[in-house]
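Reader: Before going into details, could you take me through the fold and the chain contact step by step?

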Amino acid sequence: MGAVKASRADVARLFGRAAFGATAADLDKWTGQPYAEVVSYLVDIPSPSNRAPAIDDSQRLLFDKFDIGGLDTGTLQQAQSWWLERMRTTAYPLEERMTLFWHDHFATGINEKGTGVGAMVAQNQTLRQNSLGNFRTLCNEITLDPAMLFWLDGALNSGFAPNENYAREFFELFTLGTMPQIYTEHDIRQSARALSGWTCDPYTRLARFDSGNHAAGKKVVLHHTITDQGDKEYLEIVNVALGQPVSPLFIAYKLVLNFAYAPETTNLMKSPGLLIGRIARTLRRTNWNLREAVRTMLLADEFRHADESRGRQVVRQPIELVVNACKALGMSAMDANALTMLQRMGQVPFKPPNVGGWPFGRDWLSPATFLARYDWGILAYQLYNNGTIKDPLPASGDLKAWKAKFGLAAFTKNTEAAIQSYLHSRKGAPEAELQTGVLAMIVSSPDWMVM
Amino acid sequence: MPTTRREFIVGLGALTGVRMLAPIVVRAGAGLGEAMADPATAKRNRLIVIFLQGGNDGLNTVIPIGDVRGAPRYSVYRTVRPTIAYKPNVPLRLDRPGDADQHLGLNAKLPNLHKMYQQNRVAIVQGVDYPNHSYSHFTSTDIWQSGQPEKTPDSGWLGRHLDRAGIGEGELRGLGLGTELPLALRGWQSRGVELENIPNTHFLDGTDKVSEARHNAVSRYGHHPLQEPLRHFAGKQAEITVGLVRTLQHMKAPPTLTNQLAYTLLTARSMMEQDFGVECVFVNHGYGSYDTHTTQVGAQEALFTELDQAIEAFYYGTMGGQPVAGVGPVSRSLAERTIIITTSEFGRRIGENGGSANGTDHGAAGPLFMIGPPAGSRVTKYKLVPGLHGDHPKMGTPMAPADNLTMTTDVRSVYQSVLQDWLGNPDPTYERKHEPVAGLFK
């Protein structure tokens, strides 16, 4: 079996979905190379603990030390911009893309319950360190993560009258899903008891177990009995959840939904679909190795040959689009305009709408978000014009160069016709006007949104 | 004067009555894609649904202030809510002249709603829920917005109404005010249009000749072939957006308000007063803040203050409320044709959480408000019947309190009442199984 060679469209799709877009250099470098090698380039990266600190780690540590519950807007914006810029400049784009995926999956947001900037930045690093690691470890760490303890009231979960907030979302959103729902209200209440007693120590900034506030006695969760294991009971809850056959299918479903297409299945046990089934098998076989699960997905024919007529494409999220545009234009994502536009598009880091995470798919295509995407193109040209963006833009009519700059292998027929008709309608107009138009049309095009 | 439906469709292609246009550059010109007003739609009854997101605690909304014979509601309430129960003299008594005393009061942070209740403009439907209740925010939100507890929801209860009404793509009959179209307004074929607000519905590059050429060009994305359904949809939204911008460009937005909900309701009012055919509006409130697992009282009261003042601002001029700077009174004809309904994905548990939580976990049934036209209006076929409807759910006894409030009114019956008697378009899938709530309209 000869190695499959990556086409230009393969490279554009792979980077567009999993790496905040290809640069012109990425397209040239990887087109014609074995597809598995391109995937390996993204996936096989040293773990964060085994490599030299990233240039911006000192900046992160600064935010990390910021008051754990602090809500200062300026600091929040700096931390948000810092992450966006890291997405743009990292040598390991899949790691940041996966960190964003986990931020959506374990959606936690800044709020006055105690989830401040310091807590969010610390959680962000926990997500990054485990982003391509082991899902069981990630679940263990997120359960005791200070930001999460405040966000879902784990810190106030008393053994005397358990608070169900975290237990419910842990099953529904983090590990098991509801396709089908295999857990009962009883399981949630019992899990809340097992998880009680944890709080966050404001001095060490770590989770602390208070046995006096833990519900003693037997808990039966998903037919599994947990008895008086105190501060180890949370590990049992994670193990019980991850032991359910639906759990790897659910995580596979979330990956496909976020990176590839909206799966049609409504019952993961009965009809998961080929791709979800395959990723779930990898998760089971490797005892929850996420790197291998992601590799399985990116290598799969179902990922490469998206059946467009069945809508098997993915709508990229605003953060991906803005970071990709910054990358293409050579513009710092620290520029305040990036964050402002993301606000209008409805997605800024550390502020998901709720624990369910951000909308996905068609919901990103509303008129409000369309306007923001179009305006972002107009604004970007203004930044080019005033010297904020220094990289030269292609001549308005050089669509080949525009495509390469924005990491697209080709324009669809209709998009190309729309741009051509625009150029034709303003024939003879100043070049700046036409470049503005082409730029705005690309970043609001169906081709750029849907990959 | 254009009166056919197709002309109210926002988007290029609408004015010519064809789906696919020849190259737009040939036709480019101001006004293309702009929706035209249709005075005929002024006679439609209107509906605004406010979704209290996060699960509103019903027991601290319509509050027991005394025991009734055979139902020791207040004693149970006080016993199981040691820190978050209101004392009986705090809530505003629901005691319209002529009503039997139910020993219930309204949260004191809803004074305008109370005033309207006393003015015979508010119906409170008690114990609303659906069978086999789900305690998940997401599942339960989908069920409330679809009215489909018996299956995986596939469409919204108002979206199916739009389907039966046979609206066109981009037609402004259902309106979601936000950035994400709620399930409630998604039908099998038809969708409402979502809109953030009026001032933001414009392009950064304005409306001169230079920019209009660009806007005409992005409208062309609407021609993206159906074979790529997601890109086709993305392109259609581009086309609809250009039409929306052109339609709203001369519309006056409400003044900036700190109360976001009030601002949103006043935006709905502006849109409805323009006769673009806007009929059903869906609005979220609270963005999850009603989910009061902890520190409930303060959080809920702050939300209620917003809700109450927003409703007052919407109906200003018909109830002697406080004027809002820069906002005129509502037109009488609109007030007489508009009902506001509040919904939420669930109520909360009867008993509060322990420790220092001072909050409640996810519960089941809760009350629903329907706020209607001023008393004495004659223009609609059926009128909302004010007062309490449905039974208050049972709460057990102080020694054996119930864990949850169980349904006394099926939400589908409430929807069917609204669809049949207010919008004149009953849902056939509800017929015979979910009759309208008896006596809610007459």
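Reader: For chain A, which radius of gyration does the model have, beside what a compact globule would have?

Author: This is a predicted model, so the value is computed from predicted coordinates. With 451 residues, a compact globule would have a radius of gyration near 22 Å, and the value for chain A agrees with that. Buried residues make up 54% of chain A, and its C-alpha trace spans about 80 × 55 × 40 Å along the principal axes. The radius of gyration of chain A is 23 Å.

Reader: Are H5(A) and H7(A) roughly parallel or roughly antiparallel to each other?

Author: The axes of helix H5 (residues 73-89) and helix H7 (residues 117-129) of chain A come within 10 Å and cross at roughly 15°, in a left-handed crossing. Among the residues that meet are A:Ala79 and A:Trp83 of H5(A) and A:Val121 of H7(A), and the contact as a whole divides into five nonpolar, two polar and no charged residues. Since angles under 35 degrees count as such, H5(A) and H7(A) are therefore roughly parallel.

Reader: Which helix gives the most to the side of chain A that touches chain B?

Author: The contact takes 54 residues from chain A and 54 residues from chain B. Helices H10, H19, H21, H22 and H23 of chain A each supply at least two residues of the side that touches chain B. By class, that side has 21 nonpolar, 22 polar and eleven charged residues. With nine residues, the helix that gives the most is H19(A).

Terms used. Residues numbered from 1 in each chain as written. Chains lettered and ligands numbered in written order. Predicted model: local features only at pLDDT ≥ 70, side-chain atom pairs only at ≥ 80, totals over all residues. Contact = placed C-beta atoms within 7 Å. Helix = DSSP H or I, 4+ residues; strand = E, 2+ residues; numbered from the N terminus. Nonpolar A, V, L, I, M, F, W, Y, C, P; charged D, E, K, R; others polar. Rg over C-alpha atoms; globule rule 2.2 N^0.38 Å. Buried ≥ 20, exposed ≤ 12 C-beta atoms within 10 Å, placed from the backbone. Axes fitted to C-alpha atoms, helices over the stretch in contact; angles between N-to-C directions. Parallel < 35°, antiparallel > 145°, perpendicular 65-115°, else oblique. Left-handed = near helix turned anticlockwise from the far one by under 90°.
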